Amino acid sequence: MSEDFKNKLKAYQEGHLSSEEQTAVEQEMEKMEAYQAYLEELVQNDSGRISTPDSKQEVKIIRKGKWKARFTTALTLLGFGLLATILSGIVTSLFYGWGENDRMTMYKDAVSSAIAISQPNVEARLSGDSHFFFNMDLHGNLVKQIGGKKSTVGEFSQHFLLAQPGLETKTWFEGDMEMGRFQYPGELGADSTREWNRLEKLPEGTVAEAFISFNRLFTTDELLALFKDKNLVPAWFAVDTGVEQKKDYVLYPIGFPSSPLWHADDMKTTSISETSQGLLGGSTVLKTRSSPSIKAYGSGDVREANFMKTLHLLQTYKPIAKKIVPFLKLDESIAYLEKNGVKIYGVVVTGPTKEVLKLRQESWISSALVGKVQLWNWEDK
């Protein structure tokens with residue numbers, strides 16, 4: 001064996017060769033292994049097998065070098081994999097979490113808004129987790145207000161890859177959720193006698209949710225004024241968007257909750273300076289965020305402006321809106337509302353069952369549908 005080849009073997013064993021040189025040495029080693037095997041098979045005499053100590057030692061060195069090279073390559077690949085995972089985690093965190101109004105916050109706002117305007121009296125309470133390789137998950141509970149309490153009625157999750165939303169998953173705890181049905185003014189709908197009778201038969205110590213339809217359109221302030229002296233909570237308003245699909249009832253109602261959907265730029269930041277006492281005394285600045293104040297049975301202009309702002313937000317995040325509310329026609333609805341204003345044709349109310357039943361006597365109500373019913377959890381207004 002030449003000195004040059006021995007030097008190459010040593011460099012190969014130590015992992016100092018280029019990939020082309022490694023390949024050439026491995027080819028030579030394979031030839032030598034074949035020669036050695038052939039000699040050991042053929043060269044035998046009466047004294048027994050020919051001993052070739054130098055050749056055997058060289059073969060051991062070659063085999064050891066080959067396995068060391070393979071091990072080094074595996075470690076290198078593993079190192080590259082770990083580095084790529086760490087870097088992807090850093091980039092993912094920056095992509096979703098950078099800035100005051102980061103992407104995770106904005107995506108969560110868009111998803112919550114899409115659910116709130118398309119699911120009557122349903123609120124999504126979401127949190128988010130970013131993962132390696134540019135993935136993020138939003139998940140949380142779906143809640144309804146029944147009487148004086150908000151109850152969890154389901155779960156929601158949605159996966160994101162960078163800015164692309166995946167399919168959303170809703171799981172309702174009581175099987176398929178009954179879609180709130182409203183009758184549009186002037187349309188012939190189902191008779192509500194059975195629903196009123198159902199409320200009549202429910203016991204005194206219960207609270208109920210009901211989907212109430214009107215025989216005309218109301219502004220937000222007009223509707224809130226009607227409930228000011230009633231022992232009920234108007235929880236969600238069904239809005240005339242000009243594109244409703246109507247059968248015996250509106251197939252896919254769009255509206256907004258009584259509590260506005262405050263967005264990131266609606267929140268007011270207040271700084272409070274506190275001075276601590278003692279040897280290490282100093283000044284600490286605390287920041288709090290608060291939403292605008294509204295009147296319980298007023299501020300209709302604020303509520304309507306917030307609803308329009310929510311629709312414009314979803315217009316900015318159309319891929320999210322399309323995944324969650326595929327039937328939503330944002331452009332047409334916004335154009336119609338900007339021209340005609342926000343008018344309401346139905347409301348979700350909740351409160352004591354017998355108080356809901358009293359609405360049967362109101363001349364402006366055309367129909368009703370009973371939703372969830374629970375045991376008493378109400379404090380009179």
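1. A polar contact here is a pair of N or O atoms within 3.5 Å, where, within protein, one must be able to donate a hydrogen and the other to accept it. The side chains of Ser-367 and Gln-183 form such a contact, at 3.4 Å. The model is predicted.

2. Ser-367 lies in strand S13, which spans residues 365–375. Its relative accessibility is 8%, so Ser-367 counts as buried, the cut-off being under 20%. Leaving aside residues up to four places away in sequence, Ser-367 touches Gln-183, Ser-192, Phe-211, Ile-212 and Ser-213.

3. Asn-231 sits in the loop that runs between helix H6 (220–227) and strand S8 (233–239). Asn-231 counts as buried because its relative accessibility is 15%. Its side chain makes a polar contact of 3.2 Å with the side chain of Trp-378.

4. The largest pocket has a volume of about 710 Å³. It is lined by 31 residues, and those closest to its centre are Glu-123, Ser-259, Pro-260, Leu-261 and Trp-262. Helix H4 (103–118) gives the most to this lining, six residues; strands S3 (123–131), S4 (135–146) and S8 each supply at least two. By class, the lining of the largest pocket holds 14 nonpolar, nine polar and eight charged residues.

5. The lining of the second largest pocket comprises six nonpolar, four polar and five charged residues.

Terms used: Residues are numbered from 1 along each chain as its sequence is written. This is a predicted model: local features need pLDDT of at least 70, side-chain atom pairs count only at pLDDT 80 or more; totals for chains, interfaces and linings use all residues. Side-chain values use heavy atoms; hydrogens and water are left out. Helices (H or I, at least four residues) and strands (E, at least two) are DSSP runs, numbered from the N terminus. Buried means under 20% relative accessible area, exposed over 50%, partly exposed in between (1.4 Å probe, protein chains only). Contact means heavy atoms within 4.5 Å. On a 1 Å grid over the protein atoms alone, a cavity is a set of points where a 1.4 Å probe fits but cannot get out, and a pocket is an open set with protein on both sides within 12 Å along at least five of seven lines; lining residues have an atom within 4 Å of a point. Grid points are joined across faces, edges and corners, and a volume is the space filled by probe spheres set on the points. Ala, Val, Leu, Ile, Met, Phe, Trp, Tyr, Cys and Pro count as nonpolar, Asp, Glu, Lys and Arg as charged, and the others, Gly among them, as polar.
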